Amino acid sequence: MSALRAKKVLLGISGSIAAYKTPILVRALIKAGAEVQVILTPSAASFVTPLSLSTVSNKPVLTEFVDDEHEVWNNHVSLGLWADLMLIAPASANTLSKMAQASCDNLLMATYLSARCPVYFAPAMDLDMHQHPATQEAISKLESRSNIHIPSAEGPLASGLEGVGRMQEPDEIVAFLEKDLMSKMPWLGKKVLITAGPTYESIDPVRFIGNQSSGKMGYAIANQAAEWGAEVVLVSGPTDNLTLHPEIRLESVMTADQMHRTCLSYYKDSDVVVMAAAVADFKPKNPKKSKIKKNVPLDTLSLEPTVDILNDLGVKKNKQFLVGFALETEEGLDYAHQKMIRKNLDAIVLNSLADDGAGFGHDTNKITFIKSDGSHNAYPLKSKKEVALDLLHEINHLINE
Ligand code: CTP
């Protein structure tokens with residue numbers, strides 16, 4: 001597994017002779033599964049051609065704020081937000097100094113200041129420039145701001161001198177990124193099973209009983225678990241075009257019975273199980289094989305309960321850390337706590353339909369995480385992505401206790 005798979009990488013190239021190695025660096029990043037957008041400083045274009053870089057990255061290379069030829073503005077803010085990580089390689093003495101001072105006279109610097117993602121930098125310059133106190137001070141300043149330093153290597157330099165100042169080789173830079181990203185994946189090696197979305201219970205071949213669940217919460221949890229390096233299976237009822245991390249195994253199901261069977265086939269090997277699906281509680285007793293005609297009076301529909309998947313997983317629980325969701329309208333805390341005990345769960349997530357912006361369809365949620373000892377943490381309204389991260393931190397804390 002590559003930690004760079006599907007990562008959006010902004011590669012900033014500044015004016016140093018080591019820039020001639022960057023097409024190989026782009027290739028290595030892409031081979032590791034990354035998508036690469038190159039930004040060149042104006043002086044870097046003297047060391048490596050934009051054409052080579054656009055060919056290997058399969059994207060136009062950006063240098064200026066405004067692309068006069070195509071009459072487009074290269075928006076540094078969206079570039080900064082697009083990236084999962086930024087790599088400045090080679091980082092020349094001039095670029096390091098500008099980064100340290102927040103100087104902003106080219107597109108790369110403006111994008112650097114706009115980026116919210118982790119920033120890695122690989123200095124490259126002659127040895128005296130590298131060991132100059134001003135350069136070392138700039139490097140220390142960047143490190144103190146949590147930019148990640150890929151230290152220069154020692155060896156022959158373009159000047160003919162020998163010493164520290166060479167940019168690390170492209171393969172070494174990629175290995176450095178992989179190692180660093182892996183170290184931030186606390187769930188590497190863990191198997192995680194998540195359910196999401198509604199289930200649809202057939203009345204006839206065209207009609208069903210369902211609910212308003214969008215699946216967004218379950219997908220956000222699955223994505224976050226995959227970001228943490230877990231091997232994730234997402235068992236999902238019908239949902240609309242939600243973004244899914246490429247490493248996730250998606251099992252699409254329709255009914256509660258299908259969701260149940262699919263969950264059971266992965267349950268034994270799972271370490272963490274989060275049941276975020278809004279499973280239909282009832283299904284038609286005798287679904288019709290052909291479409292019910294509207295001229296045939298139908299004033300009752302006989303229903304029977306669906307299988308309670310979570311309850312069954314609670315009964316079969318062995319090593320798994322099992323988390324349920326509870327959607328309540330009132331008296332939430334007590335009901336959810338009882339539900340956790342009744343279904344033999346390790347924790348339960350309460351979200352209340354009474355809270356604005358929480359529950360079905362929203363991009364936000366407001367949860368209370370209830371632990372098996374009855375203690376709980378109430379969180380404010382947050383994006384579902386942030387809620388997923390809070391939830392994983394809660395679970396992680398408990399499984400490492
Ligand atoms: N759940 C399940 N199978 C069902 C119904 C629910 O696995 N047939 C799971 C959901 O995925 C969720 C949890 O049970 O994790 C709580 O669902 P909820 O509908 O809030 O509660 P119920 O168990 O249906 O209980 P009640 O209707 O009494 O609130």
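**Chat about a predicted chain and its ligand**

Guide: In this predicted model, residues 24 or more positions apart account for 67% of the contacts in the chain with a separation of 6 or more.

Visitor: What does the secondary structure come to?

Guide: The chain has 13 helices and 23 strands.

Visitor: And what box do the C-alpha atoms fill?

Guide: Roughly 90 × 50 × 35 Å, taken along the principal axes.

Visitor: How many residues are there, and what share counts as buried?

Guide: There are 401 residues, and 51% of them count as buried. The chain exposes about 19,800 Å², with carbon and sulfur atoms supplying 51% of that area.

Visitor: Charges next. How many positive and negative side chains?

Guide: 39 positive and 47 negative. The centres of the two sets lie 8 Å apart.

Visitor: On to the ligand. Which residues are closest?

Guide: M275, A277, L310, F325 and K343 are the closest of the 15 residues that surround the ligand.

Visitor: Which atom of A277 is 2.7 Å from a ligand oxygen, backbone or side chain?

Guide: A polar backbone atom of A277 is at that distance from an oxygen atom of the ligand.

Visitor: What about I309 and the ligand nitrogen?

Guide: There a backbone N or O atom of I309 is 3.1 Å from a nitrogen atom of the ligand.

Visitor: How much of the ligand's area does the protein bury?

Guide: Taken alone, the ligand exposes 570 Å², and the protein buries 77% of that.

Visitor: What does V66 touch, leaving aside neighbours within four places in sequence?

Guide: V66 is in contact with V72 and W73. The C-alpha atoms of V66 and K382 are separated by 36 Å, and the two residues are 316 apart along the chain.

Visitor: And P60, where is that?

Guide: P60 is in the loop between α2 (50–57) and β3.

Visitor: Is P60 buried or exposed?

Guide: P60 is exposed, because its relative accessible area is 63% and the cut-off for exposed is over 50%.

Technical notes
Residues are numbered from 1 along each chain as its sequence is written. This is a predicted model: local features need pLDDT of at least 70, side-chain atom pairs count only at pLDDT 80 or more; totals for chains, interfaces and linings use all residues. Side-chain values use heavy atoms; hydrogens and water are left out. Helices (H or I, at least four residues) and strands (E, at least two) are DSSP runs, numbered from the N terminus. Buried means under 20% relative accessible area, exposed over 50%, partly exposed in between (1.4 Å probe, protein chains only). Contact means heavy atoms within 4.5 Å. Accessible areas come from the Shrake-Rupley method with a 1.4 Å probe; for residues, only the protein chains shown count as cover. Lys and Arg count as positive and Asp and Glu as negative; His and the chain ends are not counted. The place of a charge is taken as NZ of Lys, CZ of Arg, CG of Asp or CD of Glu. A residue is near a molecule or strand if one of its heavy atoms lies within 4 Å of it. A polar contact is a pair of N or O atoms within 3.5 Å; within protein, one must be able to donate a hydrogen and the other to accept it, and residues adjacent in sequence count only if both atoms are side-chain atoms.
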